[in-house]
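Please look through the sequence and the model shown here before reading on. The paragraphs that follow begin with one pair of side chains and then widen the view.

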Amino acid sequence: LTIDRHINFATDSDEILADSFELIDHVATLINNHSDEIGHLKIIGHTDTDGGHDHNVDLSNRRAAAVEAALRERGVQIELEHDGVGESEPLCQEDTDECHAQNRRVEFLIIVD
């Protein structure tokens, strides 16, 4: 399952921006339509390298929790959990705006019980 857009947040915040509501609606619909197959989903928050490690872990955890809450608000009933890993799992290493944007992300991991 690939989602080719990012959920956007206000800078240094766990506030989900309105331009991401349609994407979250789509993800919730997808989960609800396939709840028998998905069953359990882990939401993992990531940050770029700006800020300190502890701050980034906290921020990424709060962002993942915000996505979990947004999915619950949209009727998702399956087991959800969230975690924040800060900057520890980058997709790229370059010091560019594009790379930083790639590293700031939320991933969805389907857990097979």
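In what kind of link do the side chains of Arg62 and Asp14 meet? They meet in a salt bridge, with 3.7 Å from N to O, where a salt bridge is defined as a side-chain nitrogen of Lys or Arg within 4 Å of a carboxyl oxygen of Asp or Glu. The pair links distant parts of the chain, since Arg62 belongs to helix H3 (residues 53–73) while Asp14 lies in the segment before H1, 48 residues apart. Side chains of opposite charge can pair when their charged atoms come close.

This is a predicted model, in which local features need pLDDT of at least 70 and side-chain atom pairs count only at pLDDT 80 or more, whereas totals for chains, interfaces and linings use all residues. Residues are numbered from 1 along each chain as its sequence is written, and side-chain values use heavy atoms, with hydrogens and water left out.

Arg62 also takes part in a salt bridge with Asp58, whose closest N and O atoms are 3.0 Å apart. Asp58 and Arg62 are separated by about one helical turn because they stand four residues apart in helix H3. With a relative accessible area of 28%, Arg62 counts as partly exposed, the class between buried (under 20% relative accessible area) and exposed (over 50%), as computed with a 1.4 Å probe on protein chains only. Asp14, at 30%, is partly exposed, and so is Asp58, at 39%.

A search of the whole structure finds five salt bridges, and one of them joins Asp25 to Arg74, with the closest N and O atoms 2.5 Å apart. Asp25 sits in helix H1 and Arg74 in the loop between H3 and strand E2 (79–84), 49 residues apart, and the pair therefore links distant parts of the chain. Relative accessibility is 37% for Asp25, which is partly exposed, and 26% for Arg74, which is partly exposed as well.

The segment before helix H1 (21–33) also holds Ile3, a partly exposed residue with a relative accessible area of 29%. Apart from neighbours within four places in sequence, Ile3 is in contact with Leu23, Val27 and Phe108, contact being heavy atoms within 4.5 Å. The C-alpha atoms of Ile3 and Glu107 are separated by 8.9 Å, although these residues are 104 apart along the chain.

How do these elements follow one another along the sequence? The pattern is α-α-β-α-β-α-β, made of four helices and three strands, which are DSSP runs numbered from the N terminus (helices H or I, at least four residues; strands E, at least two). The radius of gyration is 14 Å, close to the 13 Å that the globule rule gives for 113 residues, so the protein is as compact as a globular protein of that length; the radius is taken over C-alpha atoms, and the rule is 2.2 Å times the number of residues to the power 0.38. Along its principal axes the C-alpha trace spans about 40 × 30 × 20 Å. Buried residues make up 38% of the 113 residues, and residues 24 or more positions apart account for 68% of the contacts with a separation of 6 or more.
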